[in-house]
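The terms used for a model rest on cut-offs.

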Amino acid sequence: MTLTAPNPAAPQPDTPDEPRALKRSAGLADQLFRGLARGSGGIVLVIMLLVGTFLTFRAWEALRVAGWSFVTTSAWEPDSKNFGIAAVLTGTVLIGLVAISVAVPLAMGTALFITEYAPRRIRRTMVSLIDLMAAVPSVVYGLWGAFFFQSHVVGLSRWIATYFSWIPLFRVDGAQADDPLAPLTVYTSSTFIAGIVVALMVMPITCSVMRETFSQAPPGEREGAYALGATRWGVIRSVVLPFGRGGAIGGTMLGLGRALGETIAVYMIISPVFVIQPHILENGTNSVSSLIALRYGSAGTFGMSALMAAGLALFLMTLVVNFIASSIVARSRSGAGTEV
């Protein structure tokens with residue numbers, strides 16, 4: 001009979017297992033970066049909270065007088081206590097939708113051309129030119145749209161109104177489609193023209209977001225698609241676009257947020273009216289930002305409170321748009337649905 005000595009290193013059955021405490025010591029650089037990041041995020045939230053509080057405080061007098069009619073009234077007569085944002089809010093939304101309808105296809109096509117088709121020698125030049133468009137002041141776009149672009153696009157507005165007037169959105173009251181000598185002033189200063197000019201302003205930032213997202217599509221999935229016999233369009237459709245879905249949505253909502261708040265260019269192009277104008281090709285429209293720019297200099301104490309209430313409505317609307325965008329991007333983040 002052979003006796004074996006007990007192994008002192010072997011765990012004893014009666015000894016309870018205790019997890020070893022792990023200590024993580026962050027370096028000075030990590031601690032500084034963490035503090036800077038948290039501080040920056042907190043400062044942004046505090047600033048937004050202060051802006052909302054300031055607008056609410058200044059607008060409270062007008063909101064208390066108008067009540068819920070502030071959202072349903074089209075007229076803007078603060079001195080007679082008859083004012084609301086129904087007309088300007090409708091115009092703001094329509095201008096933003098027209099701008100996004102034009103800017104998103106243009107931005108996506110440009111981003112795909114730069115990332116997938118453009119030769120390398122001209123790719124950097126195109127990126128620089130598009131980024132330069134975002135640096136052009138809005139007043140320059142307004143001057144160009146009011147004195148050059150408007151006179152060249154009224155023909156397109158007339159053609160759309162002539163052949164698509166059966167769609168209520170494209171109907172123009174008072175238009176004489178059968179008379180070639182009819183004046184074209186009925187088509188000027190419209191939601192359509194303002195929306196196209198705003199689209200050129202928001203296209204660069206939308207294109208930049210999409211371009212960065214498309215350029216980060218996984219090269220392994222690209223090569224796998226090509227190895228299976230996919231064409232370049234097949235790779236774009238099955239790899240690039242699904243991977244960049246979140247970035248495309250984020251860029252679209254970012255452009256929409258700027259389109260809703262654009263002031264100077266829209267103010268220089270439109271002919272302000274305080275009635276709900278659902279016909280985008282017809283003369284006359286309005287927006288919240290243009291209303292503030294138009295009435296700020298002549299507003300009294302109560303009128304200024306009414307303008308602050310309009311600004312508060314625009315502030316809340318952009319917050320809702322950004323919140324919806326973040327929710328959509330979180331559900332369809334880039335790369336979540338790619339498949340070859």
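This is a predicted model: local features need pLDDT of at least 70, side-chain atom pairs count only at pLDDT 80 or more; totals for chains, interfaces and linings use all residues.

Residues are numbered from 1 along each chain as its sequence is written, and side-chain values use heavy atoms, with hydrogens and water left out.

Q: What makes the pair Arg-222 and Glu-116 a salt bridge?
A: A salt bridge requires a side-chain nitrogen of Lys or Arg within 4 Å of a carboxyl oxygen of Asp or Glu. For Arg-222 and Glu-116 the N to O distance is 2.8 Å, so the pair qualifies. The pair links distant parts of the chain, with Arg-222 in helix α7 (residues 219-227) and Glu-116 in helix α3 (residues 86-117), 106 residues apart. Helices here are DSSP runs (H or I, at least four residues), numbered from the N terminus. Both Arg-222 and Glu-116 are buried.

Q: How many salt bridges does the structure hold?
A: There are three. Among them are Arg-171 with Asp-173 at 3.8 Å, N to O, and Glu-212 with Arg-211 at 3.7 Å.

Q: Why is Arg-171 called partly exposed?
A: Buried means under 20% relative accessible area, exposed means over 50%, and partly exposed lies in between (1.4 Å probe, protein chains only). The relative accessible area of Arg-171 is 35%, so Arg-171 is partly exposed.

Q: Are Glu-212 and Arg-211 buried or partly exposed, and what are their values?
A: Glu-212 has 41% relative accessibility and therefore counts as partly exposed. Arg-211 has 8% and is therefore buried.

Q: Why does His-279 count as buried, and what does His-279 touch?
A: The relative accessibility of His-279 is 7%, so this residue counts as buried. His-279 lies in the loop between α10 (264-269) and α11 (288-295). Leaving aside residues up to four places away in sequence, His-279 touches Pro-168, Leu-169, Arg-171 and Asp-173, where contact means heavy atoms within 4.5 Å.

Q: How do you know that α3 and α8 are roughly perpendicular?
A: Axes are lines fitted to C-alpha atoms, for helices over the stretch in contact, and angles run from 0 to 180 degrees between N-to-C directions. Under 35 degrees counts as roughly parallel, over 145 as roughly antiparallel, 65 to 115 as roughly perpendicular and the rest as oblique. Helix α3 and helix α8 (residues 232-243) pack at about 110°, with axes 12 Å apart, and are therefore roughly perpendicular.

Q: Which residues of α3 and α8 meet?
A: Met-108, Leu-112, Glu-116 and Tyr-117 in α3 meet Arg-232, Trp-233, Ile-236, Val-240 and Leu-241 in α8. By class, this contact has seven nonpolar, no polar and two charged residues. Ala, Val, Leu, Ile, Met, Phe, Trp, Tyr, Cys and Pro count as nonpolar, Asp, Glu, Lys and Arg as charged, and the others, Gly among them, as polar.

Conventions: Helices (H or I, at least four residues) and strands (E, at least two) are DSSP runs, numbered from the N terminus.
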